[in-house]
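Please look through the sequence and the model below. The report that follows describes them for a reader who has not seen them before.

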Amino acid sequence: MRVKLSVSRWILAAVLVAFLVLSPSDTVAAETKFQARLVWGTDEMKPENPNLKEIDAKTKEKLKAVFKWKNYFEVETQTVVVGPNELKKVKMSSKCEIEIQELGKDGFEVKLFGEGKLTKKVKQVFPTGDCLVLAGDDKNSNAWLVMLCPLQK
Amino acid sequence: MNTDQILKLQAYLDNEVSSGEARRIANWLSRDAEALQLFQELKEIKAAMAENELTVSVPESRDFYWSKIQRGIESAPAARPTVAPWWFRIGLPFAAALATLAVLMSVTTFDLPSLRLRSAVYEIDGSGSDDGSITFHSQSEGMTVVWIPSGQY
């Protein structure tokens, strides 16, 4: 089937695409909400610290699929909202802090501080539902994990 | 007799070999009864095909035959372009524009966190990889893990 389409319609469509693509991002920029969690991974059944609570079953299964520890307990959970080009600092414990900075098209820069010292800097564009986990060994063959997961709106 | 030898015989029959090769094949045929028999059969088949090709005669004269075809072409109704319905003529450019936009969005991260969350594009900055940390991504668990060795914190 041959179809006659006027050039003007194609030009109009191209202008519309250019407008959508090139329009200032400030007009559509939005905040991103994250859940930040400090988690303790262990093979022990019950932690000595009564403030620790067992992590939800779904997250536990995910962590068990990746890490070797049998049990995971939440030390701290916080919700962080990061606006365009904004930098947010979150205190996860007396020794652990994270800094999240929105970098526009480059995603986010996440900095991990241990006792005030910069330990790790990661740049990440978060795909759908994916979490960033910064982790390391702890004493007695346990582990600490800082989970940063974007929350869907 | 192998396929190569059979093909050589066929080429010899069709005069497609060099004079030196032709002499070698002729010499071979004088010594090999099986090859000679096959050569004779191929020769007979070739002769039968050449002599028995059907000739088709046209009842009219050559000029009249071709002028009839020309008149047929000229009198045939000219193919008219199909006019698409109005919604198709208007909708197609916009559909193409939206498809272009969708492709751009799939490969580009905008300054819009909500769009970025839907994007499949992600990256891990390798900064600090010299510090001994290990980064890996678990597609099934939707998790990017940065494992920091104990000496770093």
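This is a predicted model: local features need pLDDT of at least 70, side-chain atom pairs count only at pLDDT 80 or more; totals for chains, interfaces and linings use all residues.

Residues are numbered from 1 along each chain as its sequence is written, and chains are lettered from A and ligands numbered from 1 in the order in which they are written.

**Confidence.** The model has an ipTM of 0.78 and a pTM of 0.50. Two residues are in contact if their C-beta atoms, placed from the backbone, lie within 7 Å.

**Chain A.** Chain A contains 2 helices and 9 strands; these are DSSP runs numbered from the N terminus, with at least four residues (H or I) for a helix and at least two (E) for a strand. Their order along the sequence is α-β-β-α-β-β-β-β-β-β-β. Of the 153 residues in chain A, 27% are buried, meaning that 20 or more other C-beta atoms, placed from the backbone, lie within 10 Å of the residue's own.

**The sheet.** Four strands of chain A form an open sheet in the order E4-E5-E6-E7, with antiparallel pairing. Two strands pair if DSSP finds at least two bridges between them. The table lists the edge strands, each of which pairs on one side only.

| Edge strand | Residues |
|---|---|
| E4 (chain A) | 87-91 |
| E7 (chain A) | 117-124 |

Strands E5 (residues 96-102) and E6 (residues 108-114) of chain A pair over 7 bridges in the antiparallel sense. A:Glu97 has A:Phe113 in E6(A) as its bridge partner.

**The core.** The largest nonpolar core holds 33 residues. Such a core is a set of buried Ala, Val, Leu, Ile, Met, Phe, Trp, Tyr and Cys residues joined through C-beta atoms within 7 Å. Among the residues with the most contacts inside this core are A:Val39 and A:Val110. Leaving out residues up to four places away in sequence, A:Val110 touches A:Ile98, A:Ile100, A:Val122, A:Gln124, A:Leu132 and A:Leu148.

**A helix of chain B.** Helix H4 (residues 62-75) of chain B has 14 residues and reaches 20 Å from its first C-alpha to its last. The count of buried residues in H4(B) is 0.

Methods
A residue is buried if 20 or more other C-beta atoms lie within 10 Å of its own, exposed if 12 or fewer, and partly exposed in between; C-beta atoms are placed from the backbone. The expected span of a helix is 1.5 Å times one less than its number of residues.
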